[in-house]
Amino acid sequence: MDCLFCKIVAGEIPAAVLAQDTGWLAFEDIDPKAPVHVLVVPKRHLADVGELGSDPQAAAAVLAGVGAVARQLGLTAYRTVFNTGAEAGQSVFHAHAHVLSGRNLTWPPG
Ligand code: 5GP
Ligand code: ZN
């Protein structure tokens, strides 16, 4: 399958990997939108958060990965975002949590 994040999971495309476990991989976003911008992906290909939700084991793995990244980086405040659909800004159709921190991330933006 021609999927960028599957290729990163497989090690076929390099990425700055922070951490991983059997079900998830965390790596730095190549174009960070905040001082901390990490992507957490399920190792299994699932296109978006809707598909991720249909696989409870993968969904739990991604949330465990988010927590592990936050602990590893010592984050006390961060925002977790799942964009779903191109009109909402999804550009890679392999589910991923954005973990954003290091600037004002209150919602809704002021
Ligand atoms: P989306 O727009 O689908 O919610 O998020 C995709 C994210 O993947 C974007 O923030 C984008 O900067 C990031 N991205 C795109 N290509 C690559 C890549 O080759 N490597 C890494 N590490 N991140 C990428
Ligand atoms: Zn994939």
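In which loop does His-94 lie? Select His-94 and you land between β4 (79–81) and β5 (97–101). Strand names like these come from DSSP runs: helices are H or I runs of at least four residues, strands are E runs of at least two, and both are numbered from the N terminus.

Some ground rules before moving on. This is a predicted model, where local features need pLDDT of at least 70 and side-chain atom pairs count only at pLDDT 80 or more, while totals for chains, interfaces and linings use all residues. Residues are numbered from 1 along each chain as its sequence is written, chains are lettered from A and ligands numbered from 1 in the order in which they are written, and side-chain values use heavy atoms, leaving out hydrogens and water.

**Stop 1**

His-94 counts as buried, with 0% relative accessibility; buried means under 20% relative accessible area, exposed over 50%, and partly exposed in between, using a 1.4 Å probe and protein chains only. Its side chain also reaches the backbone oxygen of Pro-42, at 2.8 Å. That is a polar contact, meaning a pair of N or O atoms within 3.5 Å; within protein, one must be able to donate a hydrogen and the other to accept it, and residues adjacent in sequence count only if both atoms are side-chain atoms.

Now select ligand 2, the zinc ion. Which atoms coordinate it? They are SG of Cys-3, SG of Cys-6, ND1 of His-45 and ND1 of His-94, at 2.0 to 2.3 Å. Donors here are N, O and S atoms within 2.8 Å of the metal (3.2 Å for Na, K and Ca), and sites may look incomplete because water is not among the atoms.

Try the angle tool on the four donor atoms: the angles run from 106 to 116°, and the site is tetrahedral. For comparison, the ideal angle for four tetrahedral donors is 109.5 degrees.

Along the sequence, the donor residues follow the spacing C-x2-C-x38-H-x48-H. Cys-6 in helix α1 (residues 4–9) and His-45 in the loop between β3 (36–42) and α2 (49–53) are 39 residues apart, so this pair links distant parts of the chain.

Cys-3 is buried at 5%, whereas Cys-6 is partly exposed at 21% and His-45 is partly exposed at 24%.

While the cysteines are on screen, how many disulfides are there? The count is zero, taking a disulfide as a pair of cysteine sulfur atoms within 2.5 Å.

**Stop 2: ligand 1**

Look at the oxygen atoms of the ligand. One is 2.8 Å from an N or O atom in the side chain of Asn-83. A polar side-chain atom of His-98 also lies 2.8 Å from an oxygen atom of ligand 1, and a polar backbone atom of Val-92 is 3.0 Å from an oxygen atom of the ligand.

**Stop 3: the strands**

Switch to cartoon and pick β1 (residues 17–20) and β2 (residues 24–28), which run antiparallel and are joined by three bridges. Strands pair if DSSP finds at least two bridges between them. A hairpin of three residues connects β1 to β2.

On its other pairing, β2 runs antiparallel to β3, with five bridges. Ala-26 stands opposite Val-40 there. Four of the five residues of β2 are buried.

**Last stop: a peptide bond**

Finish in the segment after β5, where you will find Pro-108. Trp-107 and Pro-108 are joined by a cis peptide bond, with omega about -5°.

Definitions and conventions: Tetrahedral: all angles 85-135°; square planar, octahedral: opposite > 155°, others 65-115°.
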